[in-house]
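Look at the model before reading on.

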Amino acid sequence: MNRIDASEHYNESPSATNQIPSLLTIIIDTNPRAWAAISDRLPISKAIANLLVFVNAHLAFGNDNHVAILAAHPNRAVWLYPKSPNQDRHSRSSNGDGQDVEMTDVDGQQDGKVVGLSGSANKYPQFAQVETSILTSLRSLIDSTTPSDLNPTTLISGALTLALSYIHKMAHAFEPAKTSSDPANPTSAPPTSDPTAASAATLHSRIFVLSVSDSEPAQYIPTMNAVFAASHARIPIDTLSLYGTPTFLQQAAFITGGTFLSAASNPRGLLSYLMFGFLADAEARKSLITPTQDSVDFRAACFCHRNVVDTGFVCSICLSIFCEVPENAECLTCGTKLALGNYGGKPAVVPRKKKKKKGRVNGVGGREETGSATETPVPG
């Protein structure tokens, strides 16, 4: 080949020529009460429109980029894109238990027919698929919401768990196929001498939370479990707060190395926050100066009454937190007897030592002698 076109050819590895895929998992806080509180400044319809521009920008960065979107409702977490194969129990139709359930794929096909896609030829098909799936699922979620579901808090912990499960599933799908020269064990990978080959990333994943409500102290334990799991998997959790004070999500961004921004003062600038603060993935942020937090609220919720406390009692075995001494000084989680020492007793008062006064000579305080009888010379 070199003799024909007189040019040199190089065989490069796929990792050097191909872009590593990036998976963006978005969690939308769909609490109706919180959105009603900011409806005069930013209605949910405009927020979804801005979010779709952000999603399209992420997908346009590379053909291998992926996106997954969930809705965190007051009492459940629902997939918006891609649609879950399990139909939501709150929106089931009157079909019998033995009848088939209509399945809708992510490309908008149902029973072999394209449904719900926009007829505009100027719209990229994947953008239309994502938009149709999000709007259809979100409308179904809102229609199925009852007055009993209107809680002031949101089930963020469940949405984080679903997001981590989906990321783990996608990470396995992008792993290279394991081959072996041993016909008896074809699934085992052959040993390699390159230490970087095994640790090479095959998928860049991150979680973005659009929050409009406060953190629920009752969800402290499951939320922190999901946060530490994300930190162990090196998955950053980004949060943009439009309303309220999500204390636990602020801690999640700090622990996982993500970005936390508060747009409560100007929620109308949602698109600017999304494009300039959260569009870059974890790999691109190494070359950028990302926004940082001035202060982090590290307060935790107690395990006994689910109250956010500044000072409490911590079990030395299981690290459970209590706002007050448990009954019989036993840990409510593991049953360990807590050693409180002299807690509750009166502090011992130590008398102050009196300082000795220096003696005075002829009414004049003692002065350190210089050791010379010569007077100070006067300049002539």
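By class, the lining of the largest cavity has 6 polar, 4 nonpolar and 2 charged residues. The lining consists of T154, I156, S211, S213, D214, S215, E216, Q219, T223, P246, F248 and L249. A cavity is a set of points, on a 1 Å grid over the protein atoms alone, where a 1.4 Å probe fits but cannot get out; lining residues have an atom within 4 Å of a point.

The volume of this largest cavity is about 110 Å³. Volume here is the space filled by probe spheres set on the grid points, which are joined across faces, edges and corners. The count of cavities of 30 Å³ or more is 1.

The model is predicted: local features need pLDDT of at least 70, side-chain atom pairs count only at pLDDT 80 or more, and totals for chains, interfaces and linings use all residues. Residues are numbered from 1 along each chain as its sequence is written, and side-chain values use heavy atoms, with hydrogens and water left out.

Salt bridges come next. The count is 5, where each is a side-chain nitrogen of Lys or Arg within 4 Å of a carboxyl oxygen of Asp or Glu. The table lists some of them.

| Salt bridge | Closest N to O |
|---|---|
| E283 and K286 | 3.5 Å |
| R299 and D310 | 3.8 Å |

The R299 and D310 pair links distant parts of the chain, 11 residues apart. R299 lies in the loop between α10 (270–277) and β9 (300–301), and D310 in the loop between β10 (308–309) and β11 (313–314). Helices (H or I, at least four residues) and strands (E, at least two) are DSSP runs, numbered from the N terminus. Together, D297, R299 and D310 are linked in a network of salt bridges.

How exposed are the partners? Buried means under 20% relative accessible area, exposed over 50%, and partly exposed in between (1.4 Å probe, protein chains only). D297 is partly exposed at 22%. D310 counts as exposed at 65%. In the other pair, E283 is partly exposed at 39%, and K286 is exposed at 65%.

Terms used
On a 1 Å grid over the protein atoms alone, a cavity is a set of points where a 1.4 Å probe fits but cannot get out, and a pocket is an open set with protein on both sides within 12 Å along at least five of seven lines; lining residues have an atom within 4 Å of a point. Ala, Val, Leu, Ile, Met, Phe, Trp, Tyr, Cys and Pro count as nonpolar, Asp, Glu, Lys and Arg as charged, and the others, Gly among them, as polar.
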